[in-house]
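Good morning, and thank you for coming. Today I shall walk you through one structure, beginning with a single residue and ending with the chain as a whole. Please look at the display as we go.

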Amino acid sequence: MKNSLLAGVTVEKPATLILKNVNQSYDGMYKFILTAGDDSGVSEVTVIIAVQATITISCSSITTVNKGDDIICLCKGEGGKPPANVTWYDKDGQIGETGNENQTLILRNVNGTYNGTYTCKAQSHTLTAEKSIEVRVRPDIKPTITSFTTNPSKAMVGQPVTIICVAIGRPEPSYTIIHNGTRIVSTVNIYAISRAEWNDTGTYTCNATNALGNDLEFLNLTV
């Protein structure tokens, strides 16, 4: 097929530029110059060799958090050519905006519905690099008291005594220590008696509470 590039000139076989096994040294502008007598024409083409970006993520590949926590994870796609467009995705599609060489995943007040895989993709032209994290939200747990102790178990008058209650639960339990069923002596998990008296004798109750319920334990102190 004939193409008229310049007036009065016919090119029977259009010139073809072939670049093989390209690397970064091939970047640049290439000119095609056609000369016919005193007339000439110039055609230019710019070649950019695309380079895949390298991805780094600021959070762990398995990110485990408690219900109600926030997750903030920065993804960088650096070294790409052209500069990478960086985007986060979950199973339902794109999350938030696309950033230039970096983008931050922000998940607020997470719960069990946030469990799953989140993928950061950095795209430079047709080259895409990606890296994923798995989010695991710990479930809430009703409190269980694992120990409720007094040191010493039998105290002398005037001797210091420490009562300690330890429970597991999520969210972290709140504590109440009660003496003889009526008097609240502590609203934390430790009750310290600097000098024991006869009236410190009796039954102590630890009540560990969170949103899912409570647990009770009892001990006796003899002075």
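Predicted model: local features only at pLDDT ≥ 70, side-chain atom pairs only at ≥ 80, totals over all residues.

Glutamate 101 is found in the loop between β9 and β10. Its phi is positive, about 70 degrees, although glutamate 101 is not a glycine.

Asparagine 109 belongs to the loop between β10 and β11, the latter covering 116–124. Is asparagine 109 buried or exposed? With a relative accessible area of 54%, asparagine 109 is exposed.

Now to the sheets around these loops. Strand β7, residues 71–78, is joined to β10 by six bridges in the antiparallel sense. One place to look is cysteine 73, whose bridge partner in β10 is leucine 105.

Another open sheet has five strands, in the order β6-β12-β11-β8-β9, and here the pairing is mixed. Its edge strands, each pairing on one side only, are β6 (62–66) and β9 (93–100). The twist averages 20 degrees from one strand to the next. Within this sheet, strand β8 (residues 85–90) runs antiparallel to β9, and five bridges join the two. Tryptophan 88 has isoleucine 95 in β9 as its bridge partner.

Lysine 121 places its charged end over the ring of tyrosine 89, at 5.1 Å from the ring centre.

Strand β15, residues 174–179, runs antiparallel to β18, and six bridges join them. In that pairing, isoleucine 177 stands opposite cysteine 206 of β18. Strand β15 is also joined to strand β16 (residues 183–186), by three bridges and again in the antiparallel sense. Here isoleucine 178 faces isoleucine 184 of β16 as its opposite residue. Together β15 and β16 make a hairpin with three residues between them, and asparagine 180 in the turn has a positive phi of about 55 degrees.

How many aromatic pairs does the structure hold? There is one. It consists of tyrosine 191 and tyrosine 204: their ring centres are 6.1 Å apart and their planes meet at 35 degrees, so the pair is tilted. The two residues come from distant parts of the chain, 13 residues apart, with tyrosine 191 in strand β17 (residues 190–193) and tyrosine 204 in strand β18 (residues 202–210). Both tyrosine 191 and tyrosine 204 are buried.

Two peptide bonds also deserve attention. The bond between asparagine 151 and proline 152 is cis, with omega at about 0 degrees. Proline 152 is placed in the loop between β13 (141–151) and β14 (161–170). The bond between arginine 170 and proline 171 is likewise cis, with omega at about 5 degrees. Proline 171 sits in the loop between β14 and β15.

Finally, let us step back to the whole chain. What does its secondary structure come to? The count is zero helices and 19 strands. The chain is divided into domain 1 (9–49), domain 2 (54–138) and domain 3 (141–221). Between the C-alpha centres of domain 2 and domain 3 there are 45 Å. Along its principal axes, the C-alpha trace spans about 120 × 30 × 25 Å. The radius of gyration is 36 Å, whereas a compact globule of 223 residues would have one near 17 Å. Of those 223 residues, 30% count as buried.

Thank you for your attention.

How values were computed
Residues numbered from 1 in each chain as written. Heavy atoms only, no water. Pairing = 2+ DSSP bridges. Helix = DSSP H or I, 4+ residues; strand = E, 2+ residues; numbered from the N terminus. Axes fitted to C-alpha atoms, helices over the stretch in contact; angles between N-to-C directions. Domains from an automatic or database assignment. Phe/Tyr/Trp six-rings, centres within 6.5 Å; stacked < 30°, edge-to-face > 60°. Buried < 20%, exposed > 50% of the residue type's maximum accessible area, 1.4 Å probe, protein only. Lys NZ or Arg CZ within 6 Å of the ring centre and 35° of its normal. Rg over C-alpha atoms; globule rule 2.2 N^0.38 Å.
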